[in-house]
Amino acid sequence: MLRRALHAQRLPLLFHNRPRVKPCELWASPFEAPFSTNVVGDKPILVRDFIHSALYDPKHGYFSQRSKSVGVLQRAIKFNQLEGRKAYMKYLEKIYKESDVSWFTPVEIFKPWYAHGIAEAIMRTANLSVPLKIYEIGGGSGTCAKGIMDYIMLNAPPRVYNNMTYISVEVSPSLAEIQRETVGEVRSHLSKFRVECRDATDQSGWGDVEHQPCWVIMLEVLDNLPHDLIYSENQVSPWMEVWVEKQQDRISVSLIKVLAINRETPSELYKPLQDSLIKRCLEIIDLDKKHDSQSSAILKAKGVWSKVFPKPRRCWLPTGCLKLLEVLHGVLPKMSLIASDFSYLPDVKILGERAPLVSTKKDGSSSDYNSYLDARGDADIFFPTEFWLLERIDHYCSGWLKIQKDKSSKEGKKRRAITLDTSSFMEEFGLPSKTRTKDGYNPLLDDFKNTKFYLSVPTHNTQ
């Protein structure tokens, strides 16, 4: 899993007022489409499988074909030497031009301080009487791993550092090698660090259940996890699964033969709810719970209204997140979790609750698509994280929400969780003075207004 990252052209996305990008010069002639049409095969696929292919397919996926290497800064930014926001933005533009990469991650831009904040959060919460074990899902360039290990080496008792284990679960072989090189800059780290090249959502890759306490870190991972889409014709019609199938464009057969071009494009297909993962996600969200308390008169009125003024409904479900947390809770039942991601995305053009931003880049400029179906290897697809829902999924996968269905049960929560704005997290655990410019502007605290941290630890409150 590749982590979400930041490009200089997209930095305003993280500010309160994101300037609108012009609809772009990205719409090439249909006969010059730069992306693959092989995301959808001969049989219809669920939306989550379409998104997974569009992002991760080894041959046609965005991360394997369209995205350059994760950016690595040769030296840390000295924020205290910059005058203010204007100087900071100018410096960012400079390092992007020098490095010629698509993105830098927040942990890279604010190294080592971003990783140090995460390490401090772990140190304050971990049971240091047992060996410290940390898993990172999607380790990027290894900057987070190195920063955390550096901090523990310098600030924890020697026995904590000497006995610790840090495991990066990384699906990309090329990034895995970069991580080894980054962490290996400190030779003593290598004996405590390893990369496992595999998909974290595949339970078979984890082996036996691990009953010892451990930590799991996911930075900008949730936003790129596949989602499913459900659809309803109006306000009272039942939800239906959305599938994606090929549809032949209305172009003359002779023209297609002359140009030798396959003009099959993806389109949506609606089916009754049957997928078990979608059903479990709906159970957690409980979209239709509000109907239970409504009187028959109100429901009848809504039924009449929906016939006169039908309003289609579309809802995106974080089934990829659910699948990942089901696996993690199954194999690491005593894990503590730190996740960071976008809490909302401005100016999203895609319809539906929790809809993604589908962004592509052409000639150095970013532009957004109007439909996720247009993303076929040429665009990033990333979703906002509703942190209240993330907490519900976390509790569900731990087994607690299932327990609560039995009203006679007196069992308590199995997890203790808190969601913090990035600025609040860094003020509590980090060193904000290290990312402050001369005039007091602090990009880590001031600009990341639509990102949050989620911390979740197991409890023993089950009696």
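Predicted model: local features only at pLDDT ≥ 70, side-chain atom pairs only at ≥ 80, totals over all residues.
Glu220 sits in the loop between β5 (214–219) and β6. Check its backbone: phi is near 50°, a positive value in a residue other than glycine. Is Glu220 buried or exposed? Glu220 is buried, with a relative accessible area of 6%.

Follow the chain into β6, residues 228–232. Colour β9 by accessibility.

What is the phi of Arg354? The angle is near 60°, a positive value, and the residue is not glycine. Arg354 counts as buried, at 7% relative accessibility.

Stay in this loop between β10 and β11 and pick Ser343. Ser343 has 16% relative accessibility; the cut-off for buried is under 20%, so Ser343 counts as buried. Which residues does Ser343 touch, leaving aside those up to four places away in sequence? Show Pro384, Thr385 and Phe387, then Asn450, Thr451 and Lys452.

**Helix α3**

Select residues 85–99, helix α3. This helix has 15 residues. From first C-alpha to last it reaches 21 Å, close to the 21 Å expected at 1.5 Å a residue. Show the side chains of Tyr88, Met89, Leu92, Ile95 and Tyr96: these are buried. Now look down the axis of α3. Its buried residues fall within an arc of 125°, so they line one face of the helix.

What covers these buried residues of α3? The cover includes α4 (106–109) and α17 (443–446). Turn to the face of α3 directed away from the buried side. Lys86, Lys90, Lys97 and Glu98 are there, and they are exposed.

**A cis peptide bond**

Go on to the loop between α4 and α5 (113–125), and select Pro112. Inspect the peptide bond that leads from Lys111 to Pro112. Is this bond cis or trans? The bond is cis, with omega near -5°.

**Glu136 in β2**

Select strand β2, residues 133–137, and pick out Glu136. Glu136 is buried, with a relative accessible area of 1%. A polar contact of 2.7 Å joins Glu136 and Tyr166.

**Helix α8**

Next, select residues 173–183, helix α8. Which residues of α8 are buried? Show Leu175, Ala176, Gln179, Thr182 and Val183. Around the axis they cover an arc of only 125°, which puts them on the same side of α8.

Bring in the surroundings. The elements covering the buried residues of α8 include α6 (143–155), β3 (165–170) and β4 (193–197).

**Lys246 in β7**

Select strand β7, residues 240–248, and highlight Lys246. Lys246 is partly exposed, with a relative accessible area of 26%. Lys246 and Leu269 are 23 residues apart along the chain, and their C-alpha atoms are separated by 9.8 Å.

**Zoom out**

Show the whole protein as a cartoon. There are 17 helices and 15 strands. Colour by burial next: of the 463 residues, 54% count as buried. Finish with the surface. The accessible surface of the protein comes to about 21,800 Å². How much of that surface belongs to carbon and sulfur atoms? Their part is 52%.

Note on methods. Residues numbered from 1 in each chain as written. Heavy atoms only, no water. Helix = DSSP H or I, 4+ residues; strand = E, 2+ residues; numbered from the N terminus. Expected span 1.5 Å × (residues − 1). Buried < 20%, exposed > 50% of the residue type's maximum accessible area, 1.4 Å probe, protein only. Arc of directions from axis to C-beta. Contact = heavy atoms within 4.5 Å. Polar contact = N/O pair within 3.5 Å; in protein donor to acceptor, adjacent residues only side chain to side chain. Areas by Shrake-Rupley, 256 points an atom, 1.4 Å probe, with all protein chains shown as cover. Pairing = 2+ DSSP bridges.
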